[in-house]
Amino acid sequence: MMAQLSIPNPLSDLTKDYQSCAAIFFEGKMLVDKYAPSGKCKITKEVKGKFTLAAVELTDSSATPIQQIPFRVAIKNKATNTLWMYTQKSVQEILLEDLLMECQPGDKLLFLTEDKSYALPHNEVEVKVGC
């Protein structure tokens, strides 16, 4: 009689990844124009305020933040297409004004989760008129 070997499935743990939705908030308001594949995050250079990242509960008409989550920010340089990690450690909030001091015209802000359980499909912020 042969014993059956149990072979672990490395893909089984992947089902736990990206199960919760997350979104970027600016001054308490979700930044993406619509939480859909075609959604865009844009902000003008003239405004001031803070970004946060939160897990959200989605309905057909709204997205409600349920828990603030830590994140990091990278800047994508338009001229070289290079990503530069702006935050060396995770943060709970960050000021737009501080990010803009490191940006060149056409650069983009990229928000990164530190926990794979969160899906953040709208992670790139285009800053209009500069950055």
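Analyst: Let's start at E27, which is found in the loop between β1 and β2 (29–30). Helices (H or I, at least four residues) and strands (E, at least two) are DSSP runs, numbered from the N terminus. Before we go on, this is a predicted model, in which local features need pLDDT of at least 70 and side-chain atom pairs count only at pLDDT 80 or more, while totals for chains, interfaces and linings use all residues. Residues are numbered from 1 along each chain as its sequence is written, and side-chain values use heavy atoms, with hydrogens and water left out.

What is the phi of E27, which is not a glycine? It is positive, at about 50°. Most residues other than glycine have a negative phi. E27 is partly exposed, with a relative accessible area of 48%; here buried means under 20%, exposed over 50% and partly exposed in between, using a 1.4 Å probe and protein chains only. N81 also has a positive phi without being a glycine, near 60°. N81 lies in the loop between β6 and β7 (82–85) and counts as exposed at 54% relative accessibility.

Beyond its neighbours within four places in sequence, L31 is in contact (heavy atoms within 4.5 Å) with residues including I24, F25, F26, I43, F51 and V125.

The segment before β1 holds D17, whose partner K116 lies in the loop between β9 and β10 (118–119). The two form a salt bridge, with the closest N and O atoms 3.2 Å apart. The pair therefore ties together parts that are 99 residues apart in sequence. A salt bridge is a side-chain nitrogen of Lys or Arg within 4 Å of a carboxyl oxygen of Asp or Glu. D17 is buried at 15% relative accessible area, whereas K116 is partly exposed at 46%.

The whole structure has five salt bridges. Another of them joins E93 and K50, with the closest N and O atoms 3.3 Å apart. E93 lies in the loop between β7 and β8 (94–95) and K50 in strand β4, so this pair links parts that are 43 residues apart in sequence.

For a contrast, look at D107, in the loop between α1 and β9. D107 is buried yet has no salt bridge, and K78, the nearest side chain of opposite charge, is 8.2 Å away. Lys and Arg count as positive and Asp and Glu as negative, while His and the chain ends are not counted. The side chain of D107 does reach the backbone nitrogen of K78 at 2.9 Å, and a polar atom of that side chain lies 2.8 Å from the backbone nitrogen of Q104.

Stepping back, the protein chain has one helix and eleven strands, and 32% of its 131 residues count as buried.

Terms used: Polar contact = N/O pair within 3.5 Å; in protein donor to acceptor, adjacent residues only side chain to side chain.
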